[in-house]
Amino acid sequence: MKLAAGDRVMTSARNPAGHYRLPRYLRGKPGIVEALHGRYLLADERAAGRDVSEPLYTVAFAARDLWEEDAEADCIVHAELWESYLVGL
Amino acid sequence: MPKPTASFTPSCGNRTLSGSDRPAGSGGHEHEHASESGAAFTRRVDALVAGLTHAGVTSDREITATLEAFLAGAGPSNGARIVARAWLDADFKARVLADANAAIAELGLDLSHWAPVTLRAVENTARVHNVIVCTLCSCYPIALLGPSPSRYKSEAYRSRVVREPRAVLREFGCAVGDDVQLRVWDSTAELRYFVLPRRPQGTADFDETQLAACVSRDALIGVAAASITPGSSG
């Protein structure tokens, strides 16, 4: 998978045991790739003593996609997410 | 004292917590410390230091010297210098926004003595307000800005600022208008953010030192506006 800025993505809804740096409030949510950062060591693997790198992206989420009717107006939440957390739409 | 084992790794991880100890939905990492009592955390650090010292990996003297050297070069004044220069020099501002690591090197600031940190500046404008957080733990550009305020690490701030950032900012006395887009930056991985606040009104004749005095640590986080202070107007 190779993502570009502006691509629409869906985050994983996985709930694995162990270290996992996809925040729960961003799981299974639609977003848009805002920036590409090259490859970074995946923290989840690093926590287990393994060096595995993956492309890292900043993904933008509209607050209404996260909190529905509870969202404040015109808010965007960004997070850095590794490629294996994402599926292109 | 726990004896270090061959499987010990200096990276952050699940070194001490079994699966059943982990809070549901935790990102692991420093997250657990937030809900752990200070005394328990201190005991854990003491045990870790004792183990590393016993194994000959480090010493109390080396740890103290490293911390002192690190903190001596890290404080919000670094961020304030960057902001003040950016307000005065549009080309520098463009470089800060494009590649903050390279731009701050022009000011003699170097983050490489610590872990490699990719720094990113986000700019407030008349139509955009930015605020930074780390919901999983407490990621923060410590090497540049010094230790974060304790409320930055509080569970209340971390959980609320992604859900109701406008309400949180109102409580900080930093209300943002309905015509301003709110952008929250959750530092979940290897990037560290700081906010480039708006230049306050009435500072047209300020020099760089006076401008830097307008920039607080909270302004660099995005929970305050830059403002003229007694230190900057004198």
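I will go through chain B as a whole and then the aromatic rings in both chains. Keep in mind that this is a predicted model. The predictor gives the complex an ipTM of 0.96 and a pTM of 0.82.

Chain B first. Its average pLDDT is 83, and 81% of its residues score at least 70. Residues 1-33 of chain B stay under 50, and for that stretch the model has 55 contacts beyond four places in sequence. The secondary structure of chain B comes to 13 helices and four strands. Of the 234 residues in chain B, 44% are buried. Chain B exposes about 11,500 Å², with 54% of that supplied by carbon and sulfur atoms. Take the contacts in chain B between residues at least 6 apart in sequence: 67% of them join residues at least 24 apart.

Now the rings. Over all chains, the search finds seven aromatic pairs. Tyr20(A) and Tyr85(A) have ring centres 5.0 Å apart and planes at 65°; the cut-off for edge-to-face is over 60 degrees, so this pair is edge-to-face. Tyr20(A) sits in the loop between strands E1 (8-11) and E2 (30-41) of chain A, and Tyr85(A) in the loop between strands E4 (75-82) and E5 (86-88), 65 residues apart. Are these two tyrosines buried or exposed? Tyr20(A) is buried, at 4% relative accessibility, and Tyr85(A) is buried too, at 1%. Tyr20(A) also has Arg14(A) over its face, 5.8 Å from the ring centre.

Back in chain B, Tyr140(B), Tyr152(B), Tyr157(B) and Phe172(B) form one aromatic cluster. Chain B also has a charge over a ring: the charged end of Arg85(B) sits over Phe92(B), 5.9 Å from the ring centre.

Conventions. Residues are numbered from 1 along each chain as its sequence is written. Chains are lettered from A and ligands numbered from 1 in the order in which they are written. This is a predicted model: local features need pLDDT of at least 70, side-chain atom pairs count only at pLDDT 80 or more; totals for chains, interfaces and linings use all residues. Side-chain values use heavy atoms; hydrogens and water are left out. pLDDT is the predictor's confidence in each residue, from 0 to 100. Contact means heavy atoms within 4.5 Å. Helices (H or I, at least four residues) and strands (E, at least two) are DSSP runs, numbered from the N terminus. Buried means under 20% relative accessible area, exposed over 50%, partly exposed in between (1.4 Å probe, protein chains only). Accessible areas come from the Shrake-Rupley method with a 1.4 Å probe; for residues, only the protein chains shown count as cover. Rings of Phe, Tyr and Trp (its six-membered ring) pair if their centres lie within 6.5 Å; planes under 30 degrees apart count as stacked, over 60 as edge-to-face and the rest as tilted. A charge sits over a ring if NZ of Lys or CZ of Arg is within 6 Å of the ring centre and within 35 degrees of the ring normal.
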